[in-house]
Amino acid sequence: MKSVVIPKTKHQFNTVKSLLTRKDVKEIIIATDAGREGELVARLILDKVNNKKPIKRLWVSSVTRKAIQEGFKHLQNGRKYNSLYRAALARSEADWIVGINATRALTTKYDAQLSLGRVQTPTIQLIQTRQEQINHFQPQEYFTLSARINGADFKCEQPRNVSDKKQLQSLIQQLKGQQAKVVKVNEKQKKSYPQHLFSLTDLQEAAYKRYRFTAKETLNTLQNLYERHKLVTYPRSDSNYLTDDMLGTLKERWVSYVEAVMPTSLKPHAKVCRQTHYTQKSRFINNSKVSDHHAIIPTEVRVDLNALSAREQKLYMLVAERFVENLLPPERYSQLTVTAQIGEHPFVFKERVTQELGYKAVSQGDKAVSSSTVHFTQGKDYSVTDYNIHTHHTEPPEYFNEGSLLKAMENPQKYIDVQNKKHAETLKSTGGIGTVATRADIIEKLFNMNAITQNNGKIKVTSKGKQILELAPQQLTSPIMTAEWEDKLSQIERGHYNAGQFMKEMKAFTQEIVAEIKASEQKYKHDNLTTTECPTCGKFMIKVKTKHGQMLACPDPACKTKKNVQQKTNARCPNCKKKLTRFGRGKQAVYRCVCGHSETQAQMDQRHKNKKTDRVSKKDMKKYMGKDESMQNNPFADALKDLKL
């Protein structure tokens, strides 16, 4: 397995290499992410430069000054993490061997551009499983009964969710004229807490729900806020918690938000925050739940919203508001539960009364706290003014969107039946399939290869995606393979399993799935096949959608012939000024607009030729400006001529 320096960043590699090989440098300290992939990045570079110098390891999950100083005081011997490196390298090479060979086998077998992978294929399966659940769902009708007592609606607890409406109608006839006796009045004081601080997946889900940002858009915008503006902490985090060494920086981060963008309605809460003493017992502090990086929160840099794009502003405010919510006190409310007896049937009324908004002031502003609207006395009888039967229908699960699909990839065991409990636990503990840094790219890739499509936010599997699942070996369509890999990789990390043995197993597994694909008698059918023959090899071409329109492409990967069918151009319609779409190529091309305007390539060329000759040349402009005729007979110049500067 040979590693190659990426040409685009070769200059950066050479800079690092020159430092590593300097004669006065006697020791190397690895300070990459404190995790498997961080170790792999550093070791690949060191291996590439053939490093023989001693290695030390800085192992910190937080990047506060205190944490970094403590980390440097307790540097570890780099060789202590050799097993971690071997596990990371084994994971990387196994993904490559299985994915590349399975993809090549499928592509050459069916003369189509098909792709398989340990993460992308189970992701298609997740979407397909949800789609089948929705398609096979049969809605069930059921009914509930409520009684109007003293101005409040009580729900019948027994019977409940009845499938036969006549049963409730009969019950109403039995209960008519009877009094409702209040047998229990219970009021409890409760608290509610904000959602946890953002991990990348949670933020991508929230950004999609509120602003319809795609996973990739959220990641790219967040990266910009981190790298360019220095306003948020490291974005590719899978944790919802902070470490205790960050306690001293919380108020400084709060102030950078308060002074710049906090609404006036929240100013009183700033005082509460400054007076609050946060400790290791605060619910957002948990060292054991921070691995490579802590949750995404604002930095101490004061924000200037005017310097941010609209998308950056929205994303920063999401992060800042969630951070502030966690620093504020919990919401306090009372839960009133009243149980009344009508005949032998219990009816229950529940009411929630907010007493202190707490963290909810961030989203609800100065909304006044509520007060109870009903009063009941235990043991007292009340008259029933009305009975109502309510009709309900069971609902199917929702289609995945880009936000919910990310959560499903993080916890696939919740969506696909995993019979082995050990595998389910492994998937849960290792964060599912893919990583927070790669899931957005995986989804984007599936869209680009036309395996999945999106309509009104609903993600569905295309005909091509369904066929990929049918043609792929069964092991590659399930997240269980990831669980099995992770079990062995974690053993390699602890030194209880040999990485070489793992790779032998992966090569044998790859040979099995390639042989299975080769021996398959299934057929692949292009759903976008046309009757146009490829001018190079004679096969029928397929119609492919691109960002700029549609094109014809040869299905044979070895041929790669492409023909433009239609393409959105930058040429403007002379009538409505909208962009024209070009159909065909060369002299036979035709340009059409949505308003109905149409012109040939020859007409387009002539129009642009005339437009070009009508322009004033730079030479003439310079000659004209040199005469300074613009200032002659100018009233503004006349008014200023006597002004002495």
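Predicted model: local features only at pLDDT ≥ 70, side-chain atom pairs only at ≥ 80, totals over all residues.
Residues are numbered from 1 along each chain as its sequence is written, and side-chain values use heavy atoms, with hydrogens and water left out.

**Overall build**
- The protein has 21 helices and 19 strands.
- Its radius of gyration is 33 Å, well over the 26 Å that the globule rule gives for 645 residues, so the protein is more spread out than a compact globule. (The radius is taken over C-alpha atoms, and the rule is 2.2 Å times the number of residues to the power 0.38.)
- Along the principal axes, the C-alpha atoms fill a box of roughly 95 × 90 × 65 Å.
- Of the 645 residues, 44% count as buried; buried means under 20% relative accessible area, exposed over 50%, and partly exposed in between (1.4 Å probe, protein chains only).
- Among contacts (heavy atoms within 4.5 Å) with a separation of 6 or more, 67% join residues 24 or more positions apart.

**Strands and sheets**
- An open sheet of 7 strands runs in the order E9-E6-E7-E8-E5-E4-E10, with antiparallel pairing; two strands pair if DSSP finds at least two bridges between them.
- Strands E9 (381-382) and E10 (384-393) are at the edges with a single partner strand each, so one side of each has no neighbour in the sheet.
- Within this sheet's order, E4 is listed beside E5; E4 (residues 141-149) and E5 (residues 152-156) pair in the antiparallel sense over 4 bridges, and Arg148 has Asp153 as its bridge partner in E5.
- Strands E11 (residues 452-455) and E12 (residues 458-461) also run antiparallel, joined by 4 bridges, and Thr453 is partnered by Lys460 in E12.
- The hairpin of E11 and E12 has 2 residues between the strands, and Asn456 there takes a positive phi near 55°.

**The largest pocket**
- The largest pocket has a volume of about 1900 Å³.
- It is lined by 50 residues, and the closest to its centre are Glu37, Asp292, Gly434, Thr435 and Val436.
- Elements that give two or more residues to the lining are helices H2 (36-48), H4 (82-110), H14 (421-430), H15 (439-448) and H17 (480-493); H4 gives the most, with 7 residues.
- On a 1 Å grid over the protein atoms alone, a cavity is a set of points where a 1.4 Å probe fits but cannot get out, and a pocket is an open set with protein on both sides within 12 Å along at least five of seven lines; lining residues have an atom within 4 Å of a point.
- Grid points are joined across faces, edges and corners, and a volume is the space filled by probe spheres set on the points.

**Residues to look at**
- Arg43 lies in helix H2 and, at 5% relative accessibility, counts as buried.
- Beyond residues up to four places away in sequence, Arg43 touches Ile30, Gly78, Arg79, Tyr81, Asn82 and Tyr85.
- Asn50, in the loop between H2 and strand E2 (55-57), has a positive phi near 60° and is exposed at 53% relative accessibility.
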